[in-house]
Amino acid sequence: MNIVPIPNAATLPVRAVPFLPWPIAERAFVIAEIGINHNGDLALAKRLIDAAHAAGCDAVKFQKRTIDLVYTAETLDQPRQSPWGDTQRAQKEGLEFSEADYDEIDRYCATLGIDWFASAWDMPSQTFLSKYKLKYNKIASAMITCRALVEAVAKERKLTFLSTGMASLEEIDAAVAIFRQYDCPFILMHTVSTYPTPDADLNLLTLETLRRRYDIAVGYSGHETAIEPSVMAALLGAVAIERHITLDRGMYGSDQSASLEPAELTQLVRQLTALHEMLGDGQKRTTDGEAAVARKLRYWPKSDAIV
């Protein structure tokens, strides 16, 4: 029997498989994290949305920041060479989309029939995102200890993907308490916030730790370059999988190296889709194909068979 509930069809299109002691989705909800890998280029963002849609992802996700709130003036004045100039401010501002850009993203995703949402890194950004009729919210790992933002998101009572990278169990306790206080549905996303993440640091069994501690459905937000850990996470009960995507890991950007390219994303979705079929129902049976092989290979008469 499953030991924790799984989101119902009204919140997330996954169903439980009751054979195992943890919930297994028939297919995990797949989020393609575009983040800032669009490099401030709306045309590139659309190509990434196209890639996610073609791969069969359920949603794409962006990041929204108010630069002067998230970064100090001292940080923004520091030198940094980028396609947009020679300061940190130029680089950070170059990666932010305008309201008109988001309006077009909203329109474009609606045309394709794929959901989009974004992680806000400050209160004005969350307020900005609320103008769109988004189904989901996201708390980035960096923001899980920001009470004001966590409360604002929880009050919206949308299904929220809550990443846990860099957070202690006590910090996760506090965030979970806020979401439960406002009766907001959420999925805890096991996350390791290094880019890319070494295999030795993935610690996928943390999925079970989070599930048992909070009696809640869990997901996985990975920053490694391979697809296998995401499939393993789904096998361990992750009902949602979030992965950064890029057209080319060699492109400019701090998150590109920890992202999947389109062919890899397609392969991941295919494997996640096939996982439930490969697991089967656990009942030992002889398939028709096996029976045919047995007739060829078992040459002795039935009278000499052990049963």
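**View 1. Glu242 is found in strand 10.** The model is predicted: local features need pLDDT of at least 70, side-chain atom pairs count only at pLDDT 80 or more, and totals for chains, interfaces and linings use all residues. Residues are numbered from 1 along each chain as its sequence is written, and side-chain values use heavy atoms, with hydrogens and water left out. Strands (E, at least two residues) and helices (H or I, at least four) are DSSP runs, numbered from the N terminus. Glu242 counts as buried because its relative accessibility is 2%. Buried means under 20% relative accessible area, exposed over 50%, and partly exposed in between (1.4 Å probe, protein chains only). The Glu242 side chain makes a polar contact with the side chain of Lys138, at 2.8 Å. A polar contact is a pair of N or O atoms within 3.5 Å; within protein, one must be able to donate a hydrogen and the other to accept it, and residues adjacent in sequence count only if both atoms are side-chain atoms. Not counting residues up to four places away in sequence, Glu242 touches several residues, among them Glu33, Lys61, Tyr220 and Gly222. Contact means heavy atoms within 4.5 Å.

**View 2. Strand 9 (residues 218-222) is mostly covered.** Five of its five residues are buried. Val218, Tyr220 and Gly222 point one way, Gly219 and Ser221 the other. In a regular strand the side chains alternate between the two faces of the sheet.

**View 3. Strand 9 pairs with strand 8 (residues 186-191) and with strand 10 (residues 240-244).** Two strands pair if DSSP finds at least two bridges between them. Strands 8 and 9 run in the parallel sense over four bridges. Leu188 has Val218 of strand 9 as its bridge partner. Strands 9 and 10 are also parallel, over three bridges. Gly222 stands opposite Arg243 in strand 10. From strand 9 the chain crosses through helix 10 (residues 228-235) to strand 10, in a right-handed β-α-β crossover. Right-handed means that, with the strands pointing away from the viewer, the path from the first strand over the helix to the second runs clockwise.

**View 4. Helix 1 (residues 42-55) has buried residues that pack against its neighbours.** Among the buried residues are Leu44, Leu48 and Ile49. They pack against strand 1 (29-35), strand 2 (59-64), helix 5 (99-112) and helix 11 (262-279). At the helix start, a side-chain oxygen of Asp41 reaches to within 2.9 Å of the backbone nitrogen of Ala43. Gly56 follows helix 1, with a positive phi near 95°.
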